[in-house]
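Let's take a walk through this fold, starting with its overall layout and ending with a few side chains. Keep the model open as you read.

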Amino acid sequence: MTHQITKPPPADRSLAVRLNRWMMVLSRRYLTFLLTVIFIFAALPVAAPILMRVGLTAPASLIYSAYSPMCHQFAYRSLFLFGEQPVYPRATVSLPGILSWEAYLPTVMQSLGDRLDQSNLAMETNARNFRGTETMGYKVAVCQRDIGIYWALFFTGLVYSIPRIRRVVRPCPIWLYLLLGLAPIGMDGFSQLFSYLPGFWVVRETTPAFRFITGVLLGVMTGWLAFPYLEAAARETYQEIAVKFARRSLRKAAQ
C-alpha cells in the first residue's frame, strides 16, 4: 500500500498534531499491529501446556483463567500436548487407536482429588477444571474449534498482508460468510447442545478433526470479510489526515 506522506511542520508539538501523526502511522501499520495482537492471542493458549510441562504452573494458571470466560475449556474437546494422546474425546466418538475420556476418568479424578461421578454435570465440571497430568499431557487453554479459529484468522491475515493480494481481494459476500463460516459451527454446536437436554435426541459429539475444521473455516471467512474493510478504513483515515496537513501547510505558507 503506497501513501504519499505530508508531514506537518516539525516545530508544531500540539496535542492535535501529535494525535494525527500517530493516527497516520497506525493507519499505515495497522495490519502489522493487528496481526501481532492476533498472534499473541492465538499463541498464549498453546503456551499454557508448555508452561505446565516445564513446571511454571503459576503463569500457566493465569492463561487458563484469562481464557476461561471465552471458552468452555472442556478437556474432551481440547488438544493436549506432551501426553499419550493428542485428544481424549467422549466415548460416543470412536477413533481408531484413541481411548475415550471416560477411560481416563480414574486418572482425572485422582488428579482433581474428586470422587468418580459420570453424571453429565460432573463430567463437564471436571473436564473444565482438569488441565492435565504428566501421563495424559496438558491441555491447550481453548478448545479445538477456538484454536482453529484463532490460528486461521492469523494466517489469513498473513496472506492478506501480501501487497499483490491486498490490492485485489474484496470482502467476501455476507451470504457466503453465513454459509461457510457460521452455518457449520451453528449446526454442529446446537445439535450437540440439544443432545444433552432430556427429550431431544441421542447424545452426540463430533470428532476433534471436524471441530477443528469448522473453526478454521470461521477464522478464514472472518478474515476474508474483515481485513478488506479494515484496509479501506485505514486508507480513508490516512488520506483524510494527509489532506488536513496539506491544507494546514498551505495556510501557514500564506501567512
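Going along the sequence, the protein chain runs α-α-β-α-α-β-β-α-α-α-α. That comes to 8 helices and 3 strands, taken as DSSP runs numbered from the N terminus (H or I over at least four residues for helices, E over at least two for strands). A quick note on ground rules: this is a predicted model, so local features need pLDDT of at least 70 and side-chain atom pairs pLDDT 80 or more, while totals for chains, interfaces and linings use all residues. Residues are numbered from 1 along each chain as its sequence is written, and side-chain values use heavy atoms, with hydrogens and water left out.

Of the 255 residues in the protein chain, 39% are buried, meaning under 20% relative accessible area (1.4 Å probe, protein chains only). The chain exposes about 14,300 Å², with 67% of that supplied by carbon and sulfur atoms; the areas are Shrake-Rupley values with a 1.4 Å probe.

Now for helix α8, residues 208-254, where you'll find Glu231. Glu231 counts as buried because its relative accessibility is 4%. Its side chain makes a polar contact of 2.5 Å with that of Tyr30 (N or O atoms within 3.5 Å, one able to donate a hydrogen and the other to accept it; sequence neighbours count only if both atoms are side-chain atoms).

How many disulfides turn up in the whole structure? The search finds 0, with the cut-off being cysteine sulfurs within 2.5 Å. Cys143 has its closest cysteine sulfur in Cys71, but at 3.7 Å that is too far for a bond. Cys143 is buried, since its relative accessibility is 5%, and Cys172 is buried at 3%.

Notes
Buried means under 20% relative accessible area, exposed over 50%, partly exposed in between (1.4 Å probe, protein chains only).
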